[in-house]
Amino acid sequence: MKGAGDNAPNEVDAAINALWREFRTMPNQRLRERLVLHYAPLVKYVAGRVGTGLPTHVDVGDLVQSGIFGLIDAIEKFDPERGWRFETYAMQRIRGAILDDLRSQDWVPRVVRSRLREAERALERLGARLHRTPTDTELAGELGIGLDELRDLYGQLRLTSVVALEDLVAAGKDSGSFVDTLPDDDAVDPVAVLVDRDNRRQLAEAIAQLTERDRIVVSLYYFESLTLAEIGKVLGVTESRVSQLHTRAVLRLRARLTG
């Protein structure tokens, strides 16, 4: 026998679908606020993920505030006719708004940016010579530092590794956000289709060159939406170690995609 709460999810879905229909028919502030309230947990989730590994002076509350603007933007621009799930579309917009705000604050110290460029150039040189992804030992040797120093460097560079997937897809190219590459059955621009395919191909090839563990971290973080702590449980390592692996993977992807 069904309980009284068994139909609750269906009732919620019906209510939110009705709210969307009303908002699309006659958009107004009251309906927008109801949609924002309903989807607000998405902002908290994305802000929590982005905030992992950021310096302590970055307040997650500030990330949430930035994310709310991304959610509002998503609600305003969402077009269900293009075949997207709103949650997927909104999470990309929220993440983008948070990252844009972080970039505008220039929260990464200049010395860290300098060391990032040094590491990327070293990876490019080694990759060209070895025709494969260099190991940590080889990278440390190229930089003239020890392995412990390299791991300390990863710890510093994690400040720069809060990189959205669209940043990796578009690295070194004049292309739009990853949101803009989501499926669109009505797309008719053959040039845009070819550019998108080329971007995805290059990203796939770059990921394929990573070590197995780095590939797992990238896959679980960007495609399965696991947190660093959850990935640590999967791999049987600490969250701090996963943060290092994530930073290393992003660093190598950036070197390949911008080289």
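Author: In helix α7, which spans residues 147-157 of this predicted model, the buried residues are Leu 150, Leu 153, Tyr 154 and Leu 157. Viewed down the axis of α7, these buried residues fall within an arc of 105°, so they line one face of the helix.

Among the contacts between residues at least 6 apart in sequence, 66% join residues that are at least 24 apart. The chain exposes about 14300 Å², of which carbon and sulfur atoms supply 52%.

Burial can also be followed in other helices. Ser 66, in helix α3 (residues 60-77), has a relative accessibility of 9% and therefore counts as buried, the cut-off being under 20%. Once its neighbours within four places in sequence are set aside, Ser 66 is in contact with Ala 97, Ile 98 and Asp 101.

Aromatic side chains give a further view, for the structure holds 7 aromatic pairs. In one of them, the rings of Trp 20 and Phe 23 have their centres 6.2 Å apart and their planes at 80°, so the pair is edge-to-face. Trp 20 and Phe 23 both belong to helix α1 (residues 8-25), where they lie 3 residues apart, about one turn of the helix, and both are buried. Trp 20 also forms an aromatic pair with Tyr 39, and this one is tilted, with 6.2 Å from centre to centre and 50° between the planes. That pair links distant parts of the chain, since Trp 20 sits in helix α1 and Tyr 39 in helix α2 (residues 29-51), 19 residues apart. Trp 20 counts as buried because its relative accessibility is 6%, and Tyr 39 is buried with a relative accessible area of 6%. Ring pairs link Trp 20, Phe 23 and Tyr 39 with Phe 78, Phe 86 and Tyr 89 into a cluster. Another ring, that of Tyr 221, has Arg 49 lying over its face, at 4.2 Å from the ring centre.

Conventions
Residues are numbered from 1 along each chain as its sequence is written. This is a predicted model: local features need pLDDT of at least 70, side-chain atom pairs count only at pLDDT 80 or more; totals for chains, interfaces and linings use all residues. Side-chain values use heavy atoms; hydrogens and water are left out. Contact means heavy atoms within 4.5 Å. Accessible areas come from the Shrake-Rupley method with a 1.4 Å probe; for residues, only the protein chains shown count as cover. Buried means under 20% relative accessible area, exposed over 50%, partly exposed in between (1.4 Å probe, protein chains only). Helices (H or I, at least four residues) and strands (E, at least two) are DSSP runs, numbered from the N terminus. The arc is that of the directions from the helix axis to the C-beta atoms. Rings of Phe, Tyr and Trp (its six-membered ring) pair if their centres lie within 6.5 Å; planes under 30 degrees apart count as stacked, over 60 as edge-to-face and the rest as tilted. A charge sits over a ring if NZ of Lys or CZ of Arg is within 6 Å of the ring centre and within 35 degrees of the ring normal.
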